Amino acid sequence: MDVIPFVNTWPYEKQMKDIYFHTCPFCQESNVLTNLKIKDLEKAQQAIKVRLIVPCCHEVITILEADEDYLWTDQKLRK
Ligand SMILES: [Zn+2]
């Protein structure tokens, strides 16, 4: 697989069973509770694609991989 550029990453925070974004990459909403489940995160950590619809603005993120801090996606999320 091609190396995913860092601009395609977005940090997440895990609290118990919930996955949060400190800030939404699209609309800058703060403390966004995503609908990702722990098992979705585990899939992403095994490089299985996971689609996420961001609840605040309904943008779609395709997660290609995940590590302990970041979601690695197929689109540029950082400026
Ligand atoms: Zn948003």
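F21 stands opposite V32 in strand β4, where strands are DSSP runs of E with at least two residues and helices are runs of H or I with at least four, numbered from the N terminus. This is a predicted model, in which local features need pLDDT of at least 70 and side-chain atom pairs count only at pLDDT 80 or more, while totals for chains, interfaces and linings use all residues. Residues are numbered from 1 along each chain as its sequence is written.

The protein chain holds one helix and seven strands, and its elements follow the pattern β-β-β-β-α-β-β-β along the sequence. Its radius of gyration, taken over C-alpha atoms, is 11 Å, close to the 12 Å of the globule rule (2.2 Å times the number of residues to the power 0.38) for 79 residues, so the chain is as compact as a globular protein of that length. Along the principal axes, the C-alpha atoms fill a box of roughly 30 × 30 × 20 Å. Two residues are taken to be in contact if their C-beta atoms, placed from the backbone, lie within 7 Å. Of the contacts with a separation of 6 or more, 38% are between residues 24 or more positions apart. Buried residues make up 23% of the 79 residues; a residue is buried if 20 or more other C-beta atoms lie within 10 Å of its own, exposed if 12 or fewer, and partly exposed in between, with C-beta atoms placed from the backbone.

Three bridges join β2 to β3 (residues 18-23), and Y20 in β3 is the bridge partner of E13. β3 and β4 are likewise antiparallel and share three bridges.

The hairpin of β3 and β4 has six residues between its strands, and there Q28 takes a positive phi near 65°. Most residues other than glycine have a negative phi. Q28 is not a glycine, and this residue is exposed, with 10 other C-beta atoms within 10 Å.

The other sheet is open too, with four strands in the order β1-β7-β6-β5 and antiparallel pairing. Its edge strands are β1 (9-11) and β5, each pairing on one side only. Neighbouring strands are turned by 45° against each other on average, direction ignored. β1 and β7 pair over three bridges, and P11 stands opposite Y70 in β7. Four bridges join β5 to β6 (residues 60-66), with L52 opposite I61.

β5 and β6 also form a hairpin with six residues between them, and H58 in the turn has a positive phi of about 65°. H58 is not a glycine either, and it counts as exposed, with 9 C-beta neighbours inside 10 Å.

In a regular strand the side chains alternate between the two faces of the sheet.

Helix α1 (residues 38-45) lies across β5, β6 and β7, running at about 60° to β6. A44 touches V50, I63, E65, A66 and L71, leaving aside residues up to four places away in sequence.

Finally, R78 is found in the segment after β7 (70-73) and is exposed, with 10 other C-beta atoms within 10 Å. R78 and V32 are 46 residues apart in sequence and 17 Å apart in space, C-alpha to C-alpha.

Conventions. Two strands pair if DSSP finds at least two bridges between them. Axes are lines fitted to C-alpha atoms, for helices over the stretch in contact, and angles run from 0 to 180 degrees between N-to-C directions.
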